[in-house]
Amino acid sequence: MQKFAASALAFTLFQFSLGAHVALAADATTPVKAIMDATVSNWAGGDSDWQDIFDESKLKDFYSKDFAAKYEAAAQFPAADEDGISPFDYDVIVNAQDACPLEDLKVAAQPPAGNVTEVLATFKKSTCMGSDADYQKTTTVRFEVIQEGGKPVIDDIITIDDNGNPSALKSVMQDLVKQQQQQPTDQQQQPSDQQKPANPQ
């Protein structure tokens, strides 16, 4: 009886552990779905306003503190003078300046690896541009999601270029800041009146 009870307890603990991992993976999709919903809306056409997936509220709610800090540092050097906000001159999710309404969107969490759960977002972004096979390809974006402050948050966004090379957005933001800080002061992009330049030290 004791052996049976011990086996039953071990099985129960295994089920609980498995259930916790499944729940964690499911929860990991929450911030990704929010960002993908905004991206779908942005490329849907119509009169809806463009949603900044890195605005202050989204940085606080859906991204890790480290990601938010790296974004805020990069945002000191906006990509367009008249913009004064984004360090990017392209949509970092579709990894392009232009896209069609997104089709066949799927968001799926992978099994957790340590404290990171990878969430894959797959979609077609170019179907309206033509019937060629290149326009029908599926794009995959990898979101690295961690638990922070008791909730799942995006810690990095990894895209794949046309040559199959991965690009991590946190590294892109760090490189952008380094490149700007290495320029002579008179050549650095000037932030808006509301923003102060990053400290080059």
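**Charges on and under the surface**

User: Why is D161 called partly exposed?
Analyst: D161 has 32% relative accessibility, and partly exposed covers what lies between buried (under 20% relative accessible area) and exposed (over 50%), using a 1.4 Å probe and protein chains only. So D161 counts as partly exposed. A heads-up: this is a predicted model, where local features need pLDDT of at least 70, side-chain atom pairs need 80 or more, and totals for chains, interfaces and linings use all residues. Numbering runs from 1 along each chain as its sequence is written, and side-chain values use heavy atoms, leaving out hydrogens and water.

User: How do you know that D55 and K58 form a salt bridge?
Analyst: Their closest N and O atoms are 3.5 Å apart, and a salt bridge needs a side-chain nitrogen of Lys or Arg within 4 Å of a carboxyl oxygen of Asp or Glu. So the pair qualifies. The structure holds six salt bridges.

User: Is K58 buried or exposed?
Analyst: K58 counts as buried, at 13% relative accessibility.

User: Which residues are linked with them in a network?
Analyst: D155 and K170 join D66 and K70 in a network of salt bridges. D155 and K170 meet at 3.2 Å, N to O.
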